[in-house]
Amino acid sequence: MYITASSSASSSILRAASSRSSSLFSFRSFSYPSVSSTSPSSLLGRRSFGTISPAFRSLPRWSHCFHSKPSPFRLTTQIRAVSPVLDRLERTFSSMASEHPFKGIFTTLPKPGGGEFGKFYSLPALNDPRIDKLPYSIRILLESAIRNCDNFQVTKEDVEKIIDWEKTSPKQVEIPFKPARVLLQDFTGVPAVVDLACMRDAMNKLGSDSNKINPLVPVDLVIDHSVQVDVARSENAVQANMELEFQRNKERFAFLKWGSTAFQNMLVVPPGSGIVHQVNLEYLGRVVFNTKGLLYPDSVVGTDSHTTMIDGLGVAGWGVGGIEAEATMLGQPMSMVLPGVVGFKLAGKMRNGVTATDLVLTVTQMLRKHGVVGKFVEFYGDGMSGLSLADRATIANMSPEYGATMGFFPVDHVTLQYLKLTGRSDETVAMIEAYLRANNMFVDYNEPQQDRVYSSYLELNLDNVEPCISGPKRPHDRVTLKDMKADWHSCLDSKVGFKGFAIPKEAQEKVANFSFNGEPAELKHGSVVIAAITSCTNTSNPSVMLGAGLVAKKACDLGLQVKPWIKTSLAPGSGVVTKYLLKSGLQEYLNQQGFNIVGYGCTTCIGNSGEINESVGAAITENDIVAAAVLSGNRNFEGRVHPLTRANYLASPPLVVAYALAGTVNIDFESEPIGTGKNGKDVFLRDIWPTTEEIAEVVQSSVLPDMFRATYESITKGNPMWNKLSVPENTLYSWDPNSTYIHEPPYFKDMTMDPPGPHNVKDAYCLLNFGDSITTDHISPAGNIQKDSPAAKFLIERGVDRKDFNSYGSRRGNDEIMARGTFANIRIVNKLMNGEVGPKTVHIPSGEKLSVFDAAMRYKSSGEDTIILAGAEYGSGSSRDWAAKGPMLQGVKAVISKSFERIHRSNLVGMGIIPLCFKSGEDADTLGLTGHERYTIHLPTDISEIRPGQDVNVTTDNGKSFTCTVRFDTEVELAYFNHGGILPYVIRNLSKQ
């Protein structure tokens, strides 16, 4: 079942191979017998599956595309050079092709019983004491640099920077990194494949070979973001929702299926298989690659911010923007700042009844307070032994919420046990352990620990973790369960903000009476109308999933019942969850409480919660009720879960069931009963809450390795609806101009071979003036398309019925809709609107209030540039490349903020938008900027005169002047800016080959 070989040699043997033609470079230069006999061309063109399961050997139609012909892709560009010269490259290749700079540490890993697992680059063989003190996460970067070192794209100086991490990381030095693979989900995967298809067309127009556009590293795309909870509380919900999913998304799915055949090295996992990060954890994650006998650590970048979940398995992985992932697919090494690493020590053991969700919400709050943006977090300490792999994955999953690039758990015995549990073969696990031990990347807590150096330190005694939830509008606003009732009333009292709704005292006890299916019903402020067990964060964890089942069972036994007007749902992250819930007998009780399985995907956590009952919606809107949603997710930003739930709380799956039973978040579980039992007595939370021992017993008896094997063997067969999709065989996509799902984007229109250079920003108007914490959900919502929005008008004009609008996320393959959906969040607060909430702005020249899109188009049609003013944490949330593409299409030239979320800043650069930061202690308010001014950014017009992180002066037409820091963080990003973005950069360089 487990994949151990799936990387093209060009990406896995060394970094240089991705940038050289086979005529210039020979694999024999590495003196590596087991690969010297394999031609580079044969390795470039296919993904090796020599040691994978029989299920994959059958090569189902949705698997990676295999081609017998050599890949035409030859990348001979140094990423750091803006205009490389090919003859100089040839001389460089010829001079370095004789031997690998680190051939002296290239050694054999023997098998205990004789023979060998393969060969590897040995870190201990360097005999450098600095390596012994390196965090494990940095050792992965070091191994990659050594393995890919060619003294051209990766130099010995780069290797030395990483070895000397303790001294170099505070200096913000730049290093190259090449991940072993790329992970996509369909919301971000569709635009990625659209971009690749469009790049092929651009290559054609420039007179070059379109087949140069092909992934060089393994690309796994899991379709999990499209299923919506249209049908709930039904035994037929899974089938009904999947049928609706295919009806809405048939065109998108066919496009992805075409991509899996048109592009080499791309695996598409069909709908209904599970959530991408759980599939990655249980199945796709290799931990250690064995590619043609070359051993090296697994690493991955993904177009979903929660790619970090794989860090819990000891695999270095994090989220990147879609455009950055596309460049990685095409052989571009990543340029990154060598990160600092926060050492997070865990001690003690969690108390009885405390869940992994409680722990991760506590960790998230601590790390947000500490400040970890742009850093790795590495967990260690005696407390690790008591954390299951699933618990670790839960903590790693929420790295975006606490702001870190990674939340890393080095491989130890717990990891190995999980690999065996999930069906990886004994031989594979033995190889993983042997390699990591030999390369000093394995933690054995039974042995004395070498002290490692970290940039800063935190410590948490697990015994201090309390039951909690987070909300009502941000994941890091943790509230302990005992304080929840008081916090809720404080939110009602407080002014509108992250912790406030400004409900007058006299209106706080309002009761909205309505009729639900002919029966009397009522809602109050805080009434729960959505209760969803959902999200990769929790559905991969058997303890909390079975814990939720036990809560449901105890509630049923005592006669408690969830109110029928609450929309309840259960969306497992993989079929394994269904198997162990059925085996335990607990799914029956979840069904009785309305938590029927609705599908295998992200659902409510990404806004695919579906409609709530019309009578419930009317009661909310007509009475201005602050309704609540409780979900076991990782995101609860305003407008994300559902337009009608202003209060959204993140909770463990057992607490989701508990709050559904209570029917309100306005409850003190310690002193107030959840309900009345069948014997007429009050039932409290403690009466239905399972003990840690009860949960452990059910996990032990119900979660079995065969479940994982059976599940992942079956997904290789697809499903009938997927298998029926027919797709064309041509490698160039035939764009349908009438399609409202897939549309050829205008990124490369009128593109020439000459880079445009830095663009001026002169007398620009302010399109929007924001405060703090504007998320990618505000910038580019993924959920419902509102009926009066510009996107809705566009769809109606093209004959699309409202019932077929689908979501913004599902229409990310169409730039026309996504440009109209940019800044379309109904909860967005723009200071230009003087307190009016919604997706509008003021067109400064006329003073008219317009939709953001209409205002942007008016500026654009008159040839006027625009900028955006923002506060702290601009672009936090999902790694959503449309949050950069959309503003670019609207004509935005620069964003000036107090700070940026890491991935979003990178996305802005990738689309040619200038990110600028106010100086410390300054922002638009302190500088007296209202947004009614016109802005000129005095950036040099010659790229050679711009340096990463330099200061620039910004002036306004009313005489104000202030200094900002340009957030081009690396020389590579300057190269992208010079070319107008990362994709034009790649195309121009490929066209020269």
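# Briefing: a predicted protein model

Just after helix H31, glycine 799 takes a positive phi of about 80 degrees. This is a predicted model, in which local features need pLDDT of at least 70, side-chain atom pairs count only at pLDDT 80 or more, and totals for chains, interfaces and linings use all residues. Residues are numbered from 1 along each chain as its sequence is written, and side-chain values use heavy atoms, with hydrogens and water left out.

**Overall make-up**

- The protein has 37 helices and 34 strands. Both are DSSP runs numbered from the N terminus: helices are H or I with at least four residues, strands are E with at least two.
- Of the 993 residues in the protein, 67% are buried. Buried means under 20% relative accessible area, exposed means over 50%, and partly exposed lies in between (1.4 Å probe, protein chains only).
- Among contacts with a separation of 6 or more, 77% join residues 24 or more positions apart. A contact means heavy atoms within 4.5 Å.

**Helix H31**

- Helix H31 covers residues 790-797, and its buried residues are Pro790, Ala791, Ala792, Phe794 and Leu795.
- These buried residues pack against helix H32 (815-821), strand E28 (848-851) and helix H33 (852-861).

**Helices H36 and H37**

- Two packed helices are described by the angle between their axes and the distance between the axes.
- Helix H36 (residues 971-979) packs against helix H37 (residues 982-991) at an angle of about 85 degrees, and their axes are 7 Å apart. H36 is therefore roughly perpendicular to H37.
- The contact uses Ala975, Tyr976 and His979 from H36, and Ile982, Pro984, Tyr985 and Arg988 from H37.
- By class, the residues of this contact are five nonpolar, one polar and one charged. Ala, Val, Leu, Ile, Met, Phe, Trp, Tyr, Cys and Pro count as nonpolar; Asp, Glu, Lys and Arg count as charged; the others, Gly among them, count as polar.
- The axes are lines fitted to C-alpha atoms, for helices over the stretch in contact, and angles run from 0 to 180 degrees between N-to-C directions.
- Angles under 35 degrees count as roughly parallel, over 145 as roughly antiparallel, 65 to 115 as roughly perpendicular, and the rest as oblique.

**Salt bridges**

- The count comes to 46 salt bridges. Each is a side-chain nitrogen of Lys or Arg within 4 Å of a carboxyl oxygen of Asp or Glu.
- Arginine 248 and aspartate 230 form a salt bridge at 2.7 Å, N to O. Arginine 248 lies in helix H11 (residues 237-262) and aspartate 230 in the loop between strand E5 (219-222) and H11, so the pair ties together parts 18 residues apart in sequence.
- Arginine 248 is buried, at 16% relative accessible area. Aspartate 230 is partly exposed, at 30%.
- Lysine 803 and aspartate 804 form a salt bridge at 3.2 Å, N to O. Lysine 803 is exposed at 63% relative accessible area, while aspartate 804 is partly exposed at 33%.
- Aspartate 881 pairs with lysine 885 in a salt bridge, with the closest N and O atoms 3.1 Å apart. Both aspartate 881 and lysine 885 are buried.

**Cysteines**

- The structure has zero disulfides. A disulfide is a pair of cysteine sulfur atoms within 2.5 Å.
- For cysteine 602, the closest cysteine sulfur is in cysteine 536, and at 6.1 Å it is too far for a bond. Cysteine 602 is buried, at 7% relative accessibility.
- For cysteine 964, the closest cysteine sulfur is in cysteine 917, and at 7.9 Å it is too far for a bond. Cysteine 964 is buried, at 0% relative accessibility.

- Glutamate 143 is in helix H7. At 1% relative accessibility, glutamate 143 is buried.
- Setting aside neighbours within four places in sequence, glutamate 143 contacts Leu123, Leu295, Tyr296, Pro297, Tyr435, Asn439 and Met441.
- Glutamine 153 sits in the loop between helix H7 (136-147) and helix H8 (156-163). At 3% relative accessibility, glutamine 153 is buried.
- Glutamine 153 and proline 333 are 180 residues apart along the chain, with their C-alpha atoms separated by 8.3 Å.
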